[in-house]
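Subject: Model for you to look at

Hello,

Here is the model I said I would pass on. Please open it alongside this note.

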Amino acid sequence: GARMKAPGMPYLMGTDNLGRDVFSRVVYGARISVTVGFGAVLLWGVSLACEAALVAAAALFFAMALQQFVPALTATAGLYLLGRSIGAIQAMAAAHLGEASPASRLAEYAVDAIALILPRLEAVTRTAWLLYEPPSLSAFAAAIASLLLYALLLAAGGLFDFHRRNL
């Protein structure tokens, strides 16, 4: 082939120093990038849908349990915001500026106890999956499993509330 040929017909982007078509090489290389990008977006979208379903289930639970709109909306927003920020709150509680005092350790334990009953939403739908690399399958499965477990807990709480009210 013609070496270092300028862009034009039949080589839309010209040729390289070995006479290879640059456009076909770009298309061939882009297929891997597009496949990896599509996979990351697909995983992110699935995790976002699961997160949205969990928040909708929590909103339904709070609406049925509290039976008023504003308290249910406030409880749902509070749960979502705490679930999104509990990892950062735990990191702040664990960071001691000096020697750890009994009060700071007690605060750290209290935050860890609260974190046990909250969904870890910051670990589920991460923007880093879109920017850097998709999650490993084990990390993704663990994140989705935690959402499903929390959804089951919400369903159990709702059923308990139904039974308590004899509905």
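Predicted model: local features only at pLDDT ≥ 70, side-chain atom pairs only at ≥ 80, totals over all residues.

Residues are numbered from 1 along each chain as its sequence is written, and side-chain values use heavy atoms, with hydrogens and water left out.

Some conventions before the packing. Helices are DSSP runs (H or I, at least four residues), numbered from the N terminus. Axes are lines fitted to C-alpha atoms over the stretch in contact, and angles run from 0 to 180 degrees between N-to-C directions. Contact means heavy atoms within 4.5 Å.

**H1 and H5**

H1 covers residues 22-66. H5 covers residues 137-165. Their axes lie 10 Å apart, at an angle of about 15°. That makes H1 roughly parallel to H5 (under 35 degrees; over 145 is roughly antiparallel, 65 to 115 roughly perpendicular, the rest oblique). The crossing of H1 past H5 is left-handed (near helix turned anticlockwise from the far one by less than a right angle; right-handed if clockwise). On the H1 side, the contact includes Leu43, Leu54, Phe61 and Ala65. On the H5 side, Phe140, Leu147, Leu154 and Gly157 are among the residues involved. By class, this contact has 16 nonpolar, three polar and three charged residues (Ala, Val, Leu, Ile, Met, Phe, Trp, Tyr, Cys and Pro are nonpolar; Asp, Glu, Lys and Arg are charged; the others, Gly among them, are polar).

Look at Gly157, in H5. Gly157 is partly exposed, at 22% relative accessible area (buried is under 20%, exposed over 50%, partly exposed in between, with a 1.4 Å probe and protein chains only).

**H1 and H2**

These axes come within 8 Å and cross at roughly 145°. The crossing is right-handed. H1 brings residues including Val55, Ala59 and Phe62, and H2 brings Pro71, Thr76 and Leu79 among others. The contact divides into 11 nonpolar, one polar and two charged residues.

Thr76 sits in H2. It is buried, with a relative accessible area of 10%. Leaving out residues up to four places away in sequence, Thr76 touches Val55, Ala58, Ala59 and Phe62.

The loop between H1 and H2 holds Gln67. Its phi is near 60°, a positive value in a residue other than glycine. Most residues other than glycine have a negative phi. Gln67 is exposed, at 55% relative accessibility.

**H2 and H3**

H2 (residues 69-94) packs on H3 (residues 102-116) at about 165°, with axes 9 Å apart. H2 is therefore roughly antiparallel to H3. The crossing is left-handed. Ile86, Ile89, Gln90, Ala93 and Ala94 of H2 meet Ser104, Glu108, Val111, Asp112 and Ala115 of H3. That gives six nonpolar, two polar and two charged residues.

**Aromatic pairs**

How many aromatic pairs does the structure hold? Two. Rings of Phe, Tyr and Trp (its six-membered ring) pair if their centres lie within 6.5 Å; planes under 30 degrees apart are stacked, over 60 edge-to-face, the rest tilted. Trp129 and Phe140 have ring centres 6.0 Å apart and planes at 65°, so the pair is edge-to-face. Trp129 lies in H4 (residues 128-131) and Phe140 in H5, so the pair ties together parts 11 residues apart in sequence. Both residues, Trp129 and Phe140, are buried.

Best wishes

Technical notes:
Helix = DSSP H or I, 4+ residues; strand = E, 2+ residues; numbered from the N terminus.
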